[in-house]
Amino acid sequence: MNRSRRYVLISHCLLNVNAKVDGYGLYPGALEPLVLPLIKSGIGIFQLPCPEATFAGARRWGMTVEQYDIPAYRRHSRWLLEQVVDQVEDDLANGVSVLGVVGVDGSPSCGVDCTCYGYTGGMIGGGDAVARSVESGRMGSGQGVFMKVLSDMFKERDIALPFAAVDEENPEELFWNSIELKLGLNSREG
Ligand code: SF4
């Protein structure tokens, strides 16, 4: 069978929910409404590494974009993405269609149109740090740190790819056909 020579890059946890912050996740393993149609339509799935699990581990707390937007985390993201962007650049140069990037809205790392803000940090159990953090947490428009680093790296290499994200708060936004529209693939592919 001929290969399709097409793929999408997708955030790690969309194929492996176990990477998410402990206690969070809407599906047992991979996000079926996104992944099954991709498999059925012969589109390759390029799983990005999880920047948070590889930076802070499985026992990390949920954090916000301000907490992750620090030099060490941006450097970690860039380090993880260097070989990914190398592969994308080489594939594009060799006639492979890279259809775009699928992130996770609301994530401080993988959000594309929406991320989470707030959290003051501080000692758990000391003073009112936890109460202040919970009070200050909010969702808002903006990019997560990892997606920002990835889009910067693409720009540095003159690679133009569309970005879209699943919205786990909205069940209709979990399906590949919704993401396909957001990526503009229907119009691009005729
Ligand atoms: S950092 Fe990205 S890949 Fe990792 S759990 Fe969060 S949204 Fe998923």
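## Helices H4 and H6

In this predicted model, helix H4 (residues 71-93) and helix H6 (residues 145-156) have axes that come within 9 Å and cross at roughly 45 degrees. H4 and H6 are therefore oblique to each other, since angles under 35 degrees would count as roughly parallel and those from 65 to 115 as roughly perpendicular. Their crossing is right-handed.

On the H4 side, the contact is made by Tyr 73, Arg 74, Ser 77, Arg 78, Leu 80, Leu 81, Glu 82, Val 85 and Val 88. H6 contributes Val 145, Phe 146, Val 149, Leu 150, Asp 152, Met 153, Phe 154 and Glu 156. Sorted by class, the residues in the contact of H4 with H6 are 11 nonpolar, one polar and five charged.

## The four-stranded sheet

Four strands form an open sheet in the order E2-E1-E3-E6, and the pairing is parallel. Strand E2 (44-47) and strand E6 (163-166) are the edge strands, each pairing on one side only. On average, with direction ignored, neighbouring strands of this sheet are turned by 30 degrees against each other.

Strands of a sheet pair through backbone hydrogen bonds, either parallel or antiparallel. Strand E3 (residues 97-104) pairs with E6 in the parallel sense, over four bridges. Val 101 has Phe 163 in E6 as its bridge partner.

## Helix H1 on the sheet

Helix H1 (residues 32-40) lies across strand E1 (6-10), E2, E3 and E6. Relative to E2, helix H1 runs at about 135 degrees.

Key: Residues are numbered from 1 along each chain as its sequence is written. This is a predicted model: local features need pLDDT of at least 70, side-chain atom pairs count only at pLDDT 80 or more; totals for chains, interfaces and linings use all residues. Side-chain values use heavy atoms; hydrogens and water are left out. Axes are lines fitted to C-alpha atoms, for helices over the stretch in contact, and angles run from 0 to 180 degrees between N-to-C directions. Helices (H or I, at least four residues) and strands (E, at least two) are DSSP runs, numbered from the N terminus. Angles under 35 degrees count as roughly parallel, over 145 as roughly antiparallel, 65 to 115 as roughly perpendicular and the rest as oblique. A crossing is left-handed if the near helix is turned anticlockwise from the far one by less than a right angle, and right-handed if clockwise. Contact means heavy atoms within 4.5 Å. Ala, Val, Leu, Ile, Met, Phe, Trp, Tyr, Cys and Pro count as nonpolar, Asp, Glu, Lys and Arg as charged, and the others, Gly among them, as polar. Two strands pair if DSSP finds at least two bridges between them.
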